[in-house]
Each structure stands twice: as C-alpha cells, then as structure tokens.
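Here's a quick walk through a ligand site and a piece of sheet. Take a look at the model first.

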Amino acid sequence: MIDDKIRNVVKEFKAYVPGKSKEEIARKYNLNPETIIKLGSNENPWGCSPMIKDRLLEELPKFSQYPESINPILLQEIADFAKVPKENLIVGGDGADEVIDLIMRILIDEGDEVIIPIPTFTQYAISAKIHGANIKWAKYDEKNEFKLDVNSVLSQITDKTKVIFLCTPNNPTGNIIPNEDIKKIIESTDALVMIDHAYIEYSRKEYDLTDWALKYDNVLVLRTFSKVLGLAGQRIGYGVSSTKIIDYMMRIRPAFSLTRATQISAIATLQDKEFIYKSLDDGIRSREMIYEGIKQFKELEVYPTEANYMLIKVKNGMNSSQFAEELLKKGVIVRDCYSFTGLEPYYVRVSIGTFEENERFLKILKEVVE
Ligand SMILES: *Cc1c(COP(=O)(O)O)cnc(C)c1O
C-alpha cells in the first residue's frame, strides 16, 4: 500500500489553518465582498505600491523566460533598505517562510532539537517538525503580559539544540523581547538564534536588531515584504546572517522561487519611499485608533503592541471562536487564536485597518460585545 511508504511525521500533520479570505466569508455569510473588513492576516490595509502596475506591464513580455535567480538591483535595494551588506542577505521566494525552511534544511538532522517559546508564529513548529527536529517548548508568560520567560529558553538548551526561535515583536502577542534578554540567549549557546523581525518596521528603533546578524555568527534576522511593504500576495522575504550561514543556504536554495513578477514588484516597492513611509505613519496612527477604541470595552482586554496587530482577551462570556464567528456574521474577519499552541481559547488577534474600516469595525465590535 502506498500509504505505508509515507513518512510517519507527515501522517501526524493536520492541514494548516490560514487566516480567512474575503471571498470565503462573502460566500459563507452571503455578504458583499467589497464591504468585508479583513483584520485577520496583518497585511497592509492600504494595499501595495501604485508604482508596481506599470513596471509589471513592462515585464510581461518576458514572462515566458526564466527569471534571474535574484535580480542584482533587487538585492542592492534590499541591502540599502535593511542597511546591511548584500553578502549577508538571502532572499526567499515563498516569503520569509522559505528562509525558515532553508535554515531547517541546513541545520537539522533527525533527532536534533529546536526551542520555540509559545504562543508564537506556528510556521516554526511546522517547518521544524517536517525536517525531523524534536521541539522543546518554552514560553511567553501569560501571567506576565506575555513577556518572554528567558529561563524557560535557557534551561532547554542542550548539545542537540540547533535553532532557537525568537519572534520580536511576537506574533500573536504583539510585544517585543527586551534586547538584553535576546543578548543573553545568543551568548549562552552556539545554536542559531533566529530573530523574527517580520513586523520590526512598526516598532521603536531601539528594538531593531538587524545589525546583530553581522555582529554574531549564530544569528539570523528574518524580515519580509508581506507586512508594511504590502506584498503578502507576491511571496518574498529575506534573511540577514553571517556570510557563512548565507553561503550554506545559497547552495541549496531553490534556484527560481522568486518569480519575475515578484522581483519587479519588490524593486518598485523599495523605490517608492513615499508609499513605505506613508504606510508606516498611517499604520501607527491606525494602531493607536484601534487600541484606544478597544480599551473602552471593559469586556475586552487589549495588550500593548509594537506591531500592526494587537492581541485581545475576550471576557464577555464567549470563547474566541464564538466571538470571531459573531464578527464574521457582520462582515469582520479577525484571527481566532485557538490554533496557536499555548493560548487559552479566549484570544483573538486584530490587525490594523484603514481609518474608515477601523471606524466601522469599532461600531460592529460594540454591537457584538454588548
Ligand atoms: C507574516 C510573518 C512572517 C512572514 O511571512 P511571509 O509571508 O512568509 O514572508 C514571518 N514571521 C512572522 C511572525 C509573521 O507573522
């Protein structure tokens, strides 16, 4: 039987539960997709750079030809944006997720260990498991506003530890890990410390540790075009690390995972500084607006955030799934956090919207809460 040939670790997998799409919700609840407010996937609510369209049309005649593995202009633009030498960069064509996979592929042998504090981004555990790693869980402490419990990480380090995943700001909790805590972990181990900075553009400058990837040989900083840069649908992310780590990843990276469309879109975005700065400015104002709005409800507890989303604890008697479902019926998509390991079933995550979406969202929220 073919089933007998499948790896056991694969059989243990359940299908990934992504954030819901507008189309899916419109069909299910018989709503107009145009009016649906999507606050479930931490995307840029203002869309992508308007400079992309013409550049894509220019590139279109070349779509029948293989892309360059990486366009040198793109590599230079990313280097300038992240303020690192291009020799220290790896660019992934399935977003930052591809870089996570590459790290697993160069480091993990069957039975090696990775340390993952939870609740956090679920992709780490998925990728680690499929590559044969044993996962050691550490924690962001619910009783202490989800601050990273540094000892829960340090106490798990063994000779077999290959990677430690630190997400800062952390998804879904929104808080940062203090710099001195990260430093302590890096300096306590030879294992690779992955600092996931998917949302770092939204954080205060002093929390941007991208240059630590140049200072230590066991650090990889992960960044993406999917959030403030508005290209979640184009799939591109990058890692910054020592030239040694980059060299090993380059040997095995998929040669053509960055499509022509993706590379052109990414260049156009990075050259559109006005778009980037406005998205960031407006994004931070939008975050304040939602945060202050939600704080008014005594039935909801909202956690401080350095990202473009915030974690909310539902205290009106509903669990997170019931609460998210009530919002869905009224055309609002938020992220029900039940699928994040390490969280009780009372949390939802809400991304920033446009100012107009926020206003409608807060009204609908009032109806659902009361
Ligand atoms: C969104 C996200 C990423 C990157 O996603 P890609 O779309 O694959 O680039 C990485 N880490 C965290 C914590 C995220 O939330």
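## Around the ligand

A polar side-chain atom of threonine 224 sits 2.6 Å from an oxygen atom of the ligand. The protein buries 93% of the 380 Å² that the ligand exposes when taken alone (accessible areas by the Shrake-Rupley method with a 1.4 Å probe; for residues, only the protein chains shown count as cover).

Keep in mind that this is a predicted model, where local features need pLDDT of at least 70, side-chain atom pairs count only at pLDDT 80 or more, and totals for chains, interfaces and linings use all residues. Residues are numbered from 1 along each chain as its sequence is written, and side-chain values use heavy atoms, with hydrogens and water left out.

Here are two further contacts (a polar contact is a pair of N or O atoms within 3.5 Å):

| Residue | Protein atom | Distance to a ligand oxygen |
|---|---|---|
| Alanine 96 | polar backbone atom | 2.7 Å |
| Tyrosine 199 | side-chain N or O atom | 2.6 Å |

In total, 14 residues surround the ligand (one of their heavy atoms lies within 4 Å of it). Asp196, Tyr199, Thr224, Ser226 and Lys227 are the closest.

## Over to strand β12

Five of the five residues of β12 (residues 332–336) are buried, so this strand is largely enclosed by the rest of the structure (buried means under 20% relative accessible area, 1.4 Å probe, protein chains only; strands are DSSP E runs of at least two residues). β12 pairs with β1 (residues 37–39) in the parallel sense over three bridges (pairing takes at least two DSSP bridges), and lysine 38 stands opposite isoleucine 333. With β13 (residues 347–351), β12 pairs in the antiparallel sense over two bridges; there, aspartate 336 has valine 348 as its bridge partner.

Notes:
A polar contact is a pair of N or O atoms within 3.5 Å; within protein, one must be able to donate a hydrogen and the other to accept it, and residues adjacent in sequence count only if both atoms are side-chain atoms. Buried means under 20% relative accessible area, exposed over 50%, partly exposed in between (1.4 Å probe, protein chains only). Helices (H or I, at least four residues) and strands (E, at least two) are DSSP runs, numbered from the N terminus.
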